[in-house]
Amino acid sequence: MTESFRRSGEYDYDDPQGPYSQSHGYSAPVNPEWPPPPAYEPTAASPLPAAGPEPEPRRRRARGSVALLAAVAIVAAAVGGATAYGFQELAGKNDVTATGTSTAVVPAGKKGDVAAIAAAVSPSVVEINATLDNGSSTGSGVVISSNGEIVTNNHVIAGAQSVKVRTSDGHSYTADVVGTDSSKDLALIKLQGASGLRAATLGDSSGVQVGDSVVAIGSPEGLTGTVTSGIVSALDRDVTVPTDESQAQGQGGDGSWPFQFGGRNFNGDTGSSTTTYKAIQTDASLNPGNSGGALIDAAAAGNIIGINAAMYSSSQQASSSSDAGSIGLGFAIPVNTVKSDLAKLRSGGRN
């Protein structure tokens with residue numbers, strides 16, 4: 001605020017018994033020792049200013065409003081999230097970004113609106129292209145820091161000779177693999193020379209319930225920024241994926257990743273070296289290339305609740321157009337698993 005304020009006493013107010021008191025008809029007792037008044041009336045060269053409201057009360061009220069906004073801002077900074085949105089409403093802003101590590105908050109009136117969620121979170125989802133000894137793989141990733149830390153699936157970058165990343169605004173970066181955890185199918189990569197990226201808000205997957213509305217964002221078949229929606233169709237599904245790098249790379253023959261669920265193999269054989277994790281099941285349409293992308297709680301303010309990791313893709317889809325399309329069977333690694341693994345990934349752990 002550019003308006004400045006004076007301290008108490010800096011304004012010069014007239015004493016009600018001062019030199020202009022006679023013009024208001026004020027009569028004071030005369031002390032005989034005082035000098036007599038002049039024999040003529042004072043000239044009207046300097047008429048009195050028109051009476052008006054004193055400025056000090058207005059300034060006090062303005063100062064009080066500033067103090068109120070400042071107090072709300074301090075509380076918002078302290079607790080974040082919903083309180084930050086409260087300050088947003090007072091300040092008249094449409095989007096709020098929590099310091100350092102979060103997406104633009106979806107306005108309260110737009111929660112559940114897929115378009116609003118996509119606009120807020122898409123800048124925090126990237127496309128990943130890994131060059132392998134025997135070809136290449138395409139997946140997605142979620143930005144978790146403004147300087148280019150990205151979480152993805154281990155199977156997206158397993159065995160990669162080089163990793164390239166493209167952000168939602170079309171910028172391309174070379175990425176280094178920081179840490180991997182094949183037991184949880186997670187990996188952390190870091191973009192070279194990146195800054196000012198919009199980081200996602202990692203939510204709390206412990207509160208997710210069957211039937212919750214969700215939004216998925218990723219790069220299926222290299223189609224960057226593809227948005228789909230659905231619901232959480234089940235929780236705590238035991239999903240088994242390969243840990244061997246050669247098994248993880250496109251064994252399904254159609255670019256999808258093999259996994260095992262309910263004693264059955266999907267998209268190819270997972271091999272003998274596998275790992276099993278508890279997954280969120282969703283019917284949001286997922287396709288090859290969605291791996292590593294974001295699963296978002298549509299009822300929250302753009303919070304990530306999972307990292308999409310496995311999806312069923314029928315081997316007959318390529319030859320039969322009648323079978324084409326998602327069958328609504330996808331799985332995501334809960335975001336609480338991701339958060340518990342971040343310290344290990346950042347330390348450069350490899351397994």
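Q: What makes strand β6 (residues 186–191) largely enclosed by the rest of the structure?
A: In this predicted model, five of the six residues of β6 are buried, so the strand is largely enclosed by the rest of the structure. Buried here stands for a relative accessible area under 20%.

Q: How do you know which strands β6 is paired with?
A: Pairing requires at least two bridges between two strands. Strand β3 (residues 149–152) is joined to β6 by four bridges, and strand β5 (residues 172–181) by six, so both pass the requirement of at least two, and in each case the strands run antiparallel.

Q: Why is the contact between E127 and R166 called a salt bridge?
A: The label calls for a side-chain nitrogen of Lys or Arg within 4 Å of a carboxyl oxygen of Asp or Glu. The N to O distance between the side chains of E127 and R166 is 3.0 Å, so the pair qualifies under the 4 Å limit. E127 is in strand β1 and R166 in strand β4 (residues 162–166), 39 residues apart. E127 counts as buried at 5% relative accessibility, whereas R166, at 34%, is partly exposed.

Q: Which parts of the structure does the salt bridge between R346 and E149 tie together, and how do you know that E149 is buried?
A: The side chains of R346 and E149 meet at 2.8 Å, N to O. R346 belongs to helix α6 (residues 335–346) and E149 to strand β3, so the pair ties together parts that are 197 residues apart in sequence. E149 has a relative accessibility of 14% and therefore counts as buried, the limit being under 20%. R346, with a relative accessible area of 41%, is partly exposed.

Q: What makes D181 and K344 a salt bridge?
A: Their closest N and O atoms are 3.5 Å apart, and the limit is 4 Å, so the label applies. D181 lies in strand β5 and K344 in helix α6, so this pair ties together parts that are 163 residues apart in sequence. D181 is buried, with a relative accessible area of 1%, while K344 is partly exposed at 34%. A search of the whole structure finds five salt bridges.

Q: Why is S145 called buried, and which side chain does S145 join in a polar contact?
A: S145, in the loop between β2 (135–143) and β3, has a relative accessible area of 9% and is therefore buried. Its side chain is joined to that of N147 by a polar contact of 2.5 Å, and a polar atom of the S145 side chain lies 3.1 Å from the backbone nitrogen of E149. Leaving aside neighbours within four places in sequence, S145 is in contact with L197 and A199.

Methods:
Residues are numbered from 1 along each chain as its sequence is written. This is a predicted model: local features need pLDDT of at least 70, side-chain atom pairs count only at pLDDT 80 or more; totals for chains, interfaces and linings use all residues. Side-chain values use heavy atoms; hydrogens and water are left out. Buried means under 20% relative accessible area, exposed over 50%, partly exposed in between (1.4 Å probe, protein chains only). Helices (H or I, at least four residues) and strands (E, at least two) are DSSP runs, numbered from the N terminus. A polar contact is a pair of N or O atoms within 3.5 Å; within protein, one must be able to donate a hydrogen and the other to accept it, and residues adjacent in sequence count only if both atoms are side-chain atoms. Contact means heavy atoms within 4.5 Å.
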